[in-house]
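Hi,

Here is the model I promised to pass on.

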Amino acid sequence: MLEPYFYRDNELTVEGVTLADIAKKEGTPCYVYSSAAILERYQAYDRAFGIAPHQVYYAVKANSNLSLLRMMAEAGAGFDIVSGGELFRVLKAGGDPAKVVFSGVGKSREEVEYAIASGIHSFNCESEAELALINSIAARHDVSARAALRVNPNVDARTHPYISTGLHDHKFGINIDHVKEIYDRAAGLGHLKLEGVSCHIGSQLLDTKPLLEALDGVLALVEKLRAAGHPIQELDMGGGLGVAYTDEQQPPSTETYIQLVCKKTAGLGLKLMVEPGRSIVASAGVLLTRVMYRKTTANKEFVIVDAAMNDLIRPALYQAHHEIVPLRHRDAVTITADVVGPVCESGDFFARDRELANVFSGDYVALMTAGAYGFVQASNYNSRPRAAEVMVDGAGWKVIRKRETFEDLVRGE
Ligand code: LLP
C-alpha cells in the first residue's frame, strides 16, 4: 500500500509537497488529502474482485468533499449514501445515479422521493414499513424500485460499541430470522424489485472473522430465499475493513478480504457489492495544526494546538488514537503530554499522556490518519469556523474547501 506521508530532509511531505508549505500558505487547522493514495485504495478494492461481477460503492459519509467525490466518480466508483444531502453531493460531483445505493435506518419520504426521481440503483431497507413507503412512492412515479433488505445477522463486530451495528440489540437491519417472511410478504408489492440482500456489521474491523461469519449467515439466507422463489442476484457486504491508526493495529489487506469473499461466493451468480469508506480515505488524509502554547501543571504537561474537538471529534467520541507528528523533525527528544485544543471542555483532547516530539509554540504538527470521519464530523462548536481542506495531486495542491469565515458562522441566523 502506498504510504504517501514520509519525511524528506526532516520535513514531512506528501506526494512531493512539503506539508509545512501548505500550513503556512493556507493556515491551520487544515485537512490535507493525497489524491494518489485515495485512488490507489479505491482501485485496490475494484481490482481485488478480479472477474467477479461487482461494484464498489464509496461510503460518502467518510468524506464527502465534492472534489473527492468527483475524483471517485471519474475513477468509476459508485456511492453509498445515507441522506438526501449526500445524494445531492454525489449528483453535484457528477456521480452516476445508477451507481448509488441508499442505506440508513430512517430515510424520510422526501429522501425516498428524491432518490427515486434521480434513478438510483437500489435502496438498502431496514424495516417493512420502509419497503411499503418505497413501494408507494415508486408506484406514484410508475417505476419499479430495486430494494435489498439489510440483514442483521447477530454477529459481534468486536469494534467500538458506537460503530458496531450487527447485533440484535442495535437499531440496524432486520433480524436474520425474520427476513424471509418479509420478502414473502413484500413479493406482493407491485413496484419493488427485491433482488438483493445487504449486511453491515460495523466499522473499523481489524479482523475478517466476524465479517466472514456474517457472510456465511447471509449466504445461507440467500439460498433459502432463492429456494422460496426470490430471485436474489445482488449481495451488498457493507463497509470495508478498518485501518491502522497505530502500528499495533494491522488489518488484513483489501485483497485478502475480498478474495476470501470471492471464494465463498464463487459460482453463486451474485453481483458483489461493497461500501468502503474509511479504508479508502483515512490514511490518505491528515489534519495540520499549529502548536499555540505549552503549559505545565502540577503533574501534567499540555500542548495546546489550534485544532480542536470541533475539527476532529474522533478522540473525544470513540477514544480514537491518531498519531501526532511534527511537520519538521528537529531531534530525537520527546516529551509526554496531553495534546489539547482551545475548546472549553475537558473532552477536547487529541491525546493523553502521549509521548511525542518536543514541539514548541509556532511548530506545526499533523494528526495522522484523519481523512475519514474527520472533516465530515466537524462542527462550529464554540463558534469556530470549520477548517480548510486541501487536495494534493502530484507536486501541486489546491484548496477544495475554503476555511469558513465569521460571516459563514451567522449565515442563516
Ligand atoms: N455502509 C454502511 C451501511 C455504514 O453504516 C458504514 C459506516 C459504511 C458502509 C462505511 O464503513 P467503513 O468502510 O468506513 O468502515 N464516525 C465513525 C465511523 C462511523 C461508521 C458508520 N457507518 C468513526 O469515526 O470511526
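**What I found**

Asp9 sits in the loop that links strand S1 (5–8) to strand S2 (11–14); strands are DSSP runs of E with at least two residues, helices are runs of H or I with at least four, and both are numbered from the N terminus. Before I go on: this is a predicted model, where local features need pLDDT of at least 70, side-chain atom pairs count only at pLDDT 80 or more, and totals for chains, interfaces and linings use all residues. Residues are numbered from 1 along each chain as its sequence is written, and side-chain values use heavy atoms, with hydrogens and water left out.

Back to Asp9: its phi is near 50 degrees, a positive value in a residue other than glycine. Because its relative accessible area is 71%, Asp9 counts as exposed (over 50%; buried is under 20%, partly exposed in between, with a 1.4 Å probe and protein chains only). Arg158 also has phi near 50 degrees, and its place is in the loop between S9 and S10. For the backbone checks, there is also a cis peptide bond between Thr28 and Pro29, with omega about -5 degrees. Pro29 belongs to the loop between helix H1 (19–26) and strand S4 (30–34). As background, most residues other than glycine have a negative phi, and most peptide bonds are trans.

Thr159 is in the loop between strand S9 (145–152) and strand S10 (174–175). Is Thr159 buried or exposed? Thr159 counts as buried because its relative accessibility is 18%. Its side chain reaches two backbone oxygens, that of Ser203 at 2.8 Å and that of Gln204 at 3.3 Å. These are polar contacts (N or O pairs within 3.5 Å; within protein, one atom must be able to donate a hydrogen and the other to accept it, and residues adjacent in sequence count only if both atoms are side-chain atoms).

Of the 17 residues around the ligand, Ser203, Glu275, Arg314, Tyr318 and Tyr373 come nearest (a residue is near if one of its heavy atoms lies within 4 Å). A polar side-chain atom of Arg314 is 2.6 Å from a ligand oxygen, a polar backbone atom of Arg278 is 2.8 Å from one, and an N or O atom in the side chain of His200 is 3.4 Å from one. On its own the ligand has 590 Å² of accessible area, and the protein covers 91% of that (Shrake-Rupley, 1.4 Å probe).

The domain assignment gives domain 1 (5–33 + 282–409) and domain 2 (104–274), with bounds from an automatic or database assignment. Their C-alpha centres lie 36 Å apart. Ten residues of domain 1 are in contact with eight of domain 2 (heavy atoms within 4.5 Å).

Last, the packing. The largest nonpolar core has 103 residues, and Ile38, Phe123 and Val197 have the most contacts inside it (a core is a set of buried Ala, Val, Leu, Ile, Met, Phe, Trp, Tyr and Cys residues joined through side-chain atoms within 4.5 Å).

Cheers
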